[in-house]
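Reader: Before we look at any feature, could you take me through this model step by step, giving the general idea and then the case at hand?

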Amino acid sequence: MPAIEMTDAAALPADWRDFLALTKPRVMSLVVFSALAGMLVAPQLPPFALGFTAILCVALGAGACGALNQWYEAEIDAKMRRTATRPLPAGRMDRQSALHFGVGLGSFSVILMGVATNWLAAVLLAASILFYVLIYTVWLKPRTAQNIVIGGAAGAFPPLIGWVAATGRIELLPALLFAIIFLWTPPHFWALSLFVRSDYAAAGIPMLPVVAGIESTRKQIFLYSLPMAAAAIAPWPLGLAGAVYGASAAILSFVFVVLAGRVLASRSSDPSQMGAEKHLFAYSVFYLFALFTVLVVDRWITW
Amino acid sequence: MVKQEDEIVRRQRERSKILALLLGAFVVLMFFITIAKASLNW
């Protein structure tokens with residue numbers, strides 16, 4: 001980047017790369033993947049153009065959530081090392097641009113979803129965006145330590161949306177996929193929040209480790225991993241998935257519970273010594289990718 | 001050192017190019033959506 005003669009970075013029109021950064025592309029990848037999995041396990045597949053558009057709309061909706069989240073939390077982001085370099089706290093973009101971009105992207109994604117697939121999928125997409133922005137970001141996150149428990153529902157919508165975009169209706173399997181992500185979110189985020197809790201404390205965000213303490217959070221992580229494992233294995237005994245999925249889900253979930261057990265047994269309060277928490281956080285991302293991949297493979301083998 | 005006006009023009013040009021590409025992609029996407037929906041007779 002060439003040096004620029006200026007004093008106010010926000011006086012410049014924001015670089016397009018900063019708009020891209022607003023959409024949180026890394027978070028978007030897991031959202032897109034889970035929506036795609038939800039679509040691929042549906043009993044009927046839409047034509048490629050419509051399926052592609054549905055996944056694109058989920059990605060754009062997730063991008064809108066990221067942009068509106070960063071618009072609302074610009075001052076909080078400035079207080080945390082992990083988020084201080086984002087476009088708004090770093091002063092590379094004015095807040096109004098982020099707001100317009102987020103609202104525009106979200107509205108566009110919902111309308112396009114309705115036009116290309118069906119309006120039930122569009123309503124679910126709109127609900128997930130509004131839930132993430134209004135219920136989680138604005139209402140719950142700054143007020144309660146249970147923010148991630150209820151707010152996790154927003155991240156659980158994508159496989160449901162993928163399924164509904166393909167079929168036009170809600171059934172038991174996509175509802176279970178919703179439940180898996182809903183129950184996976186607390187242990188995933190609490191593992192992270194344990195080793196970055198000083199950031200959350202500095203920003204005044206009442207994450208569970210800040211409010212209830214480290215030991216209580218470790219206990220909650222373990223307790224949530226049990227119903228999550230049950231929900232992950234449930235499609236097999238319910239006849240919604242085959243043995244390949246059932247065995248894989250059992251093994252993957254067993255490892256998850258063991259790692260959550262290691263977190264429960266851990267006694268370190270120094271973030272640099274929190275190996276068990278970092279392992280669980282990394283494994284939790286792999287777990288969701290692997291579980292949904294196996295579900296798709298199992299469905300295609302069964303067909 | 002690059003003058004601020006030059007940087008503003010450079011960024012506006014980049015944003016215009018990206019917007020043109022996105023609009024073009026949207027037109028192509030709408031074409032394929034129309035064809036797919038017509039074939040489904042939705």
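Author: Let us begin with burial in chain B, where a residue counts as buried if 20 or more other C-beta atoms lie within 10 Å of its own, exposed if 12 or fewer, and partly exposed in between, with C-beta atoms placed from the backbone. Of the 42 residues of chain B, 0% count as buried. This is a predicted model, in which local features need pLDDT of at least 70 and side-chain atom pairs count only at pLDDT 80 or more, while totals for chains, interfaces and linings use all residues. Residues are numbered from 1 along each chain as its sequence is written, and chains are lettered from A and ligands numbered from 1 in the order in which they are written.

Reader: What secondary structure does chain B have, and what does its C-alpha trace span?

Author: Helices (H or I, at least four residues) and strands (E, at least two) are DSSP runs numbered from the N terminus. Chain B has 1 helix and 0 strands, and its C-alpha trace spans about 60 × 10 × 10 Å along the principal axes.

Reader: How should I read the packing of α3(A) and α5(A)?

Author: Axes are lines fitted to C-alpha atoms, for helices over the stretch in contact, and angles run from 0 to 180 degrees between N-to-C directions; under 35 degrees counts as roughly parallel, over 145 as roughly antiparallel, 65 to 115 as roughly perpendicular and the rest as oblique. Helix α3 (residues 48–72) and helix α5 (residues 95–116) of chain A pack at about 155°, with axes 8 Å apart, and are therefore roughly antiparallel to each other. Of the 25 residues of α3(A), 22 are buried.

Reader: Which residues of α2(A) and α13(A) make their contact, and at what angle do the axes cross?

Author: The axes of α2 (residues 25–40) and α13 (residues 275–302) of chain A come within 9 Å and cross at roughly 20°, so α2(A) and α13(A) are roughly parallel to each other. Two residues are in contact if their C-beta atoms, placed from the backbone, lie within 7 Å; here A:L30, A:F33, A:S34, A:A37 and A:L40 of α2(A) meet A:L288, A:F289, A:F292, A:L295 and A:V296 of α13(A).

Reader: Where is A:K24 placed, and is A:K24 buried or partly exposed?

Author: A:K24 is in the loop between α1 (16–22) and α2 of chain A, and has a positive phi of about 50° although it is not a glycine. With 18 other C-beta atoms within 10 Å, A:K24 is partly exposed.
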